[in-house]
Protein chains: 4
Amino acid sequence: MERLRRRWFEILEPSAGGDKASLISDVVLVTLIFLNTFAFVLGTVDGFKEDYAVQLDIILYVSIIVFSIEYLLRLWVCVEHPLRRDGHPVWARVQYMFTPLALVDLIAILPFYIGPGSSVDLRILRVLSMLRFLRIARYSSAFQLFGRVVHREGRSLMGVLLILVALVLIAASGMYAIEGNVQPENFGDIPSAMWWALATLTTIGYGDVVPVTALGRWFAGLIMIFGVGVFALPIGILSNGFAMEVNQRNFVVTWNMISKVDLFAKLDAGEIAEIMELLKSRHLPKGTTIVREGDVTDAMYFVVTGEVVVETGGQSLRLGPGEHFGETALLAQDLNMLSAKTATVCDLLELDAQDFNYLLMHNAHLEEDFRKIAKERLKAK
Amino acid sequence: MERLRRRWFEILEPSAGGDKASLISDVVLVTLIFLNTFAFVLGTVDGFKEDYAVQLDIILYVSIIVFSIEYLLRLWVCVEHPLRRDGHPVWARVQYMFTPLALVDLIAILPFYIGPGSSVDLRILRVLSMLRFLRIARYSSAFQLFGRVVHREGRSLMGVLLILVALVLIAASGMYAIEGNVQPENFGDIPSAMWWALATLTTIGYGDVVPVTALGRWFAGLIMIFGVGVFALPIGILSNGFAMEVNQRNFVVTWNMISKVDLFAKLDAGEIAEIMELLKSRHLPKGTTIVREGDVTDAMYFVVTGEVVVETGGQSLRLGPGEHFGETALLAQDLNMLSAKTATVCDLLELDAQDFNYLLMHNAHLEEDFRKIAKERLKAK
Amino acid sequence: MERLRRRWFEILEPSAGGDKASLISDVVLVTLIFLNTFAFVLGTVDGFKEDYAVQLDIILYVSIIVFSIEYLLRLWVCVEHPLRRDGHPVWARVQYMFTPLALVDLIAILPFYIGPGSSVDLRILRVLSMLRFLRIARYSSAFQLFGRVVHREGRSLMGVLLILVALVLIAASGMYAIEGNVQPENFGDIPSAMWWALATLTTIGYGDVVPVTALGRWFAGLIMIFGVGVFALPIGILSNGFAMEVNQRNFVVTWNMISKVDLFAKLDAGEIAEIMELLKSRHLPKGTTIVREGDVTDAMYFVVTGEVVVETGGQSLRLGPGEHFGETALLAQDLNMLSAKTATVCDLLELDAQDFNYLLMHNAHLEEDFRKIAKERLKAK
Amino acid sequence: MERLRRRWFEILEPSAGGDKASLISDVVLVTLIFLNTFAFVLGTVDGFKEDYAVQLDIILYVSIIVFSIEYLLRLWVCVEHPLRRDGHPVWARVQYMFTPLALVDLIAILPFYIGPGSSVDLRILRVLSMLRFLRIARYSSAFQLFGRVVHREGRSLMGVLLILVALVLIAASGMYAIEGNVQPENFGDIPSAMWWALATLTTIGYGDVVPVTALGRWFAGLIMIFGVGVFALPIGILSNGFAMEVNQRNFVVTWNMISKVDLFAKLDAGEIAEIMELLKSRHLPKGTTIVREGDVTDAMYFVVTGEVVVETGGQSLRLGPGEHFGETALLAQDLNMLSAKTATVCDLLELDAQDFNYLLMHNAHLEEDFRKIAKERLKAK
C-alpha cells in the first residue's frame, strides 16, 4: 500500500527524468485543462452552444471526473512529500489542502458539485470555473518563478499599490472638485471619478471619460505625468526581484551539481560553499578543446549549459547540463586519460586543482575529510 | 514631564519592537486614516450622503479631533527626536513643522478649521482634504523608500520632465501648424494642442482628440515613437535609483547587525567597514547543518533572513534576522559548545576567524582595541 | 567551380572588411527590399495604384527576379558555411532551407509564383508578401541580437504568455458574468469579452468597449492593476536577457582580440581564459599619453573602442578597435621603442607584464608553451 | 582683444564656479528662453493674442535681438574652446556652426529673419520657432546625459526602430487584407492601416480606428502582444545605456578628484588608474568619526557626496564634494594632526596607506616618481 502511494506520488508530480507514467499523466492532465477551458469559453457563444451541446458536455463531465479523482489521489499521496513526511497524516493532509495549488484544484471542481442545488450566484460560479486554468501553474516553471518573485517583493508591491491608491484618491477628488458640476454623470462623485483616475494612471486611457474644461485638462496633465512614474515603479521592483530569483536559482543549481559529485558527497554546507567560491565560469564556443589527452590534468569541470564530448579509453561520452568530468585532477596531478571538446556553445564551471589544494592547505578540517575520501577512491581503482 | 514626553514620543513613532502602546496607537491612527478617507469618498455619492449623514459626520468629527490632538502631541514631543535634541526647543519645533510629514499632518486638519468661515474656494479645500490619505506614508516603508528614490534621482527626473516639456511643445506646435485650420476646436491654439500631445507622449491615448489629415497622422506617428523613448527614461532612472537604495538599505542593516555585537561595540566606523568587507554571504537550504557540536569553531554568523536553531548546553534557541552566534570563535579556536541548523531557507553572513585574525595582524590599531575587549570578555566568563 | 562558389558565398554574406563586391551586393539587396516594400505599400492606395501602375510593376518584377536568383545562389553556396561544410551537400542544403532566414527568403518569392494560379486566399498571400521586409534582418545586427535574446529567454517569455492568457481568461469570464446581460453585444460571450480583456491588460485601452456598471468598473479596475504587473514582467525579462547577451558579445569580442595576437595564437581555450582574467579595463580621455618613448615597458594594450596613435621609429600609426600594441613588453622588460597617445576617448584593455609573468610562474604548462613562442619571436627579430 | 574674447567665452559657458558674470548671463538667457516660449504659446490663443499684442511683441523682439547678439558672440569666441584652439579660426568657426547646439541656436533666430519675405511655408516656420526651447539643453546636464545615452545606444535603437517598422508593416498589411473591405475608410490601403498599427504597437490605443470582425480582432490581439515586447526593448536598451553612462561619469569624477591632488599631479594615466583601483567606497551616516586626533594616520579620503568637518590646529573646515584630506598619511605614518567627522550622510573614497605603499613597492617606476614628490613636500613644510 505504501509503495503504491509512493508510486502514485511520483506519477502525479511533474515528470523530471525518464518516468513514462509520470510524463503521460502530465500530458493527459495539461491537455484536459486546455480542453476544458476551451470548451467553457466556446460554450458561452450563442450559436456554438446549441450545435455542439453533446461534445461540450462530454468534455466537461470527463474533465470533472478526472480532476475529482486526481484531487482525491493527491490528497492521499501528499504525505509522501518530503516536507510533510514527518507530521501526522491527517494534519499533513489538512495542511496540504490549504496550499495555493490545492485550493486551485478544489476550486476547479467545487462549482460543479455545489453549483446546481445551491443558492450561490451562478455568475460567481462561472468566474470561479475559469480559475481552473490556473491549474496549469503546476506544470510551468515560469509561472512558479513569477509567484516567488511576487512573494519576495510582496511588501514593495503593496507599497506601490498604496501609492497608486493615494494618487487615485487625489486625482479623483481633484477632478470631482473641478468638473463635478460640468460632467455630473462622470465626475459627480469621487467613486465615479476614480474610474477615470485609474484608467489614466495605468496609462490605459479608454477615453470614455475625459476632462473638458481647461483647468480639468491641466490637472489631468499633471496626473498623467505621475502615471508614468507609478508605472515605472513596479517595473523596477519586478525586474530587480526577477534578477535576484534567477541568481538564486543558479546558486541552487550549482550547489546541487557540486553535492552530486562523489568526492564532495560527505562535505557539509559550509565546505561546499567554500568550494563554490573557487569555481570559475567559462563560456566556450563550439568545438573548443577543453582538455587534451596526455596533458597534465589541472582542473575538473561542471557542464552548466550545452554539451561536451569526452573521450576516454576509446569510448566517447556526451555530457549534458549538470554532469561533470576530470575530478581525478583533484586527487593527483597525473597525465590525463581523457580528452574533452565542446559539442555546442557551452557554459562550464572550472574547479582548478591548485586553487582546490590551496583551500585544503588552509583548512585543516576540510583536508582531513577530503584526504580520507580520496584514499578510498584511489584504492577502489 | 520629560519622561512623559519621552514616552509619548515612543508611542507616536511607528512601533518597532514589542511596545504595545505604540502598536495600539499605530493601529488606531491607520484605521482612522482609512475610515476618514472612506467616509469622505462615500460622502460625495448622492444617495449615500443623505442616508448615512449621521455616521459620516461622526467619523469626520472623531477623526478630526484625534488628528488635532495627535498633531499637538507630535509638536510637543518632536524635540525628543535625536536630530532635533541639540537645538533650542522652539526652533526645533518650527523646523519640525516644515518637514513634509508634519505639513501633511497639518493639511489633514486645517481645511476643517479654516473651511467654513473663510473665502477659500471650497473645491480646493476638498482636494486638500484628500491629501489626508498621504498621512499613511508615515507607516509604510515602501512609501518612504519611494520618497528617497525620487529625492536621490531628483535632478535626473527634472531632466526627464524638461525633455517631456520640450517634446510636448514641439508636438503641440507641430500639430497646431498642421491641423490648426482643419480641427480648430482641438488644435486651434498651442495650449489646446498640448492636451493631445501629452496624452500621446505618455502613451495614454484617450482618443478624444486625434489627427485626421494624412500629414497630421505621419507627424503623430513620429511623436508616438518618441513617446516610447520618453516612457523608457524614467523607468531606467527609477529602477537604477531603486536598486541603489535597496543596496544602501542592506548596507545599513549589515552595519547595524555588526555594531550591535558586544565585541565590536567600541570600534569606530572605519574599523566596522573593514570587518564588513570580510563577511561572506551564505544562502542555505532548510535543515542544513551550519556548525556541529564538538567541531573546531572557525567562524561567527549573522542571520540576515530566515531562522536558525542553535543548541547549546541542552538548551535550544531560535535566532531570527539581525541575531548572531558563534562570536567566541573570534576569541579562541576552541572545541565548539554549540550546534546550529537552519530552520528555514536562510541568508547568513559568515565572519571567518582566520580572515578576522589576518585583519588584526595587519592592523595594529584594531588589534590593540580588540585584544583589550577580548581579555575582558574571557575574564568575565 | 569550387572557387567560384566560395567567392559567391563571400559576396552574399554581409560584408565585414573591404570586400567591394560583397558591399555592393549588400547595398543592392537592401535597396531592393526597401523599394519593393515601398512599392507594395503604395500599390494599395487607390489613386496611386492606377497612376503609377507601370513603375510599380517594374519594381515588383525586378525585385522578384533578383530575389529568386539570390535564393538559388544562396542554396548553391550555403555548403561553404563552416557549420555545414562537413555534411553531405544535399542534406546540408535541406538543413539550410529550414533555417529561419532561408524560410523568410522563400516566403518573399513564393507568393508571386504560386499566387495567380492557386486556390490559396489572395489575402493571406498579401500578408505573406509583407514578410519580405523581414529579409532586412540578415543585414541588421540589432535584429539578430533581438532574435538571440528572445531565443535565450524563450521559456520565460512563454511563461509570461501563459500568465497573460490566464489573466485574459479570468478577466473575460468575469466581465461576461458581470455585464453579459447589460452589454450583450460586447460581453455576450467570453470570446467577445476577451477583446476588451486583452486591450486592457496590454494597457492599450481602445475604449471601444468599456464596462458601464459600477460592479463592472470595480472589476475592471482590479484587472487594470494586474495589467501593469503583466507589462512589467517581459520588460524585466528582456532587459535581463539583453544585458546578458551584450556581456557575452563583449566576451567573444575580447576572446577574438586575444586569440588574434601572434604570441597567443597557439594557446588553447583554458589558457586564453586565464589571460582574459588578467585584463584590466581602462577608460581614457582624448589625448592621454599611454606609453612614453624611452620608459620601461610594462604592459600590452588592446583597443576596444576609439583610436590610438602609436609612434615608433619615426612612423605614426592609427590603431582602431580590435588592434593591439606593446606586446614586446611581455617578452622582455626593455626600454620602450614606441610612444602611444589616445586620439579619441578610448576603452583599452591592459595586460600587465608583471601579472602575466606571475601567471606563467604558477602555470608550468603555459610557461613552457609561451617561452617556446617567445624564443622564436626574439630570434626572428 | 584676445583677453576680451577669452572673458566672453567664460561668460557664455554655463557657469561652474563662482563666476558672477557667467551666472548672470546663464540666468538671463534661460529666463529669455522660457519667456519667449511662453509668449509664443500664448500668442496662438485667440482672445489673448489681441489683448496682449504689445507685450508679446516686446518679448519676441527683445529675445530675438538678445539671441542674435548671443549667436554672433558665440561664433566669435568659439575658437577659445580647448578642442578648437589648434585649427585655423575660420575653419574652427565653420565646424562650430554645424554642432547640434549651434544649429539649434541658429534655428531659434533664423525664422524671424527669413520668415516674412520668403516663400517658405509659414507653418513650418512656426514649428521651427518652437525648437527654440531646445536651447535649454545647453544648461541641463540631464538633457546632455540623455543625448549621450542615445548616441551610445544609437545602433541598438535603430535596430528597435527597424523591428518596429517591420511589425507596423506586417500589422498594417494584415489588417488591410482582413478588414480592407469591411472598413474601407480605415483599412482601405496599407498607409491608412499603418495609423492603427502604430497606435496599437506603441500601446497608445486611441480607439478612433478598431477592428470590428472576429478575425480582425484575433489578429489585432496577436499584434497587441508583440506591442508589449516592442515596448520592452527600448526600455531595456536605454536603462542599460543610462546605467553605463552614469558609471562612466562617476569614473571621470573620481579621476578628476585624484588628479587634482598635488601629490598625484605628475602621475600619468596608467598610474592614476592603478591608484583608482585601490580606492574603497565608504558610505557613512551623519556624525560618524572618520579620523580621531592623536591616532596613527593610515588613509587619505576623498569626499564624493555630503560634507565632512575637519578640525586641525584649532581651525574647523567644511569639505564638500571633490575635496580631500589626510594625504600626509601617504607620506609618513605619523600621529594624526587632524580629526574628521561627517556633517551629513557622506560617500567617501578611502585610499589606504598600506595598500598605497604596497603598490609603490611593486612598481619601481611609480615609486621613484612619488618619492621625489614626497621629499619636496616634506621639505616644503
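Contact here means heavy atoms within 4.5 Å. This is a predicted model, in which local features need pLDDT of at least 70 and side-chain atom pairs count only at pLDDT 80 or more, while totals for chains, interfaces and linings use all residues. Residues are numbered from 1 along each chain as its sequence is written, and side-chain values use heavy atoms, with hydrogens and water left out.

**View 1. Where chain B meets chain D.** Here 55 residues of chain B are in contact with 50 residues of chain D. The buried area (accessible area, 1.4 Å probe, that two parts lose on being put together, summed over both) is about 4,600 Å², and carbon and sulfur atoms give 72% of it. B:Leu162, B:Arg217 and B:Met224 supply 12% of the area that chain B buries against chain D, more than any other three residues.

**View 2. A salt bridge between chain B and chain D.** Look for B:Arg217 and D:Asp208, whose side chains meet at 3.9 Å, N to O. The term covers a side-chain nitrogen of Lys or Arg within 4 Å of a carboxyl oxygen of Asp or Glu. The rule finds one such salt bridge across this interface.

**View 3. Strand 7 of chain B and its partners.** Strands are DSSP runs of E, at least two residues long, numbered from the N terminus, and two of them pair if DSSP finds at least two bridges between them. Strand 4 (residues 308-312) of chain B pairs with strand 7 of chain B in the antiparallel sense over five bridges; B:Val308 has B:Thr342 as its bridge partner. Strand 2 (residues 289-291) of chain B also pairs with strand 7 in the antiparallel sense, over two bridges, and B:Val291 is partnered by B:Ala340.

Terms used: Chains lettered and ligands numbered in written order. Helix = DSSP H or I, 4+ residues; strand = E, 2+ residues; numbered from the N terminus.
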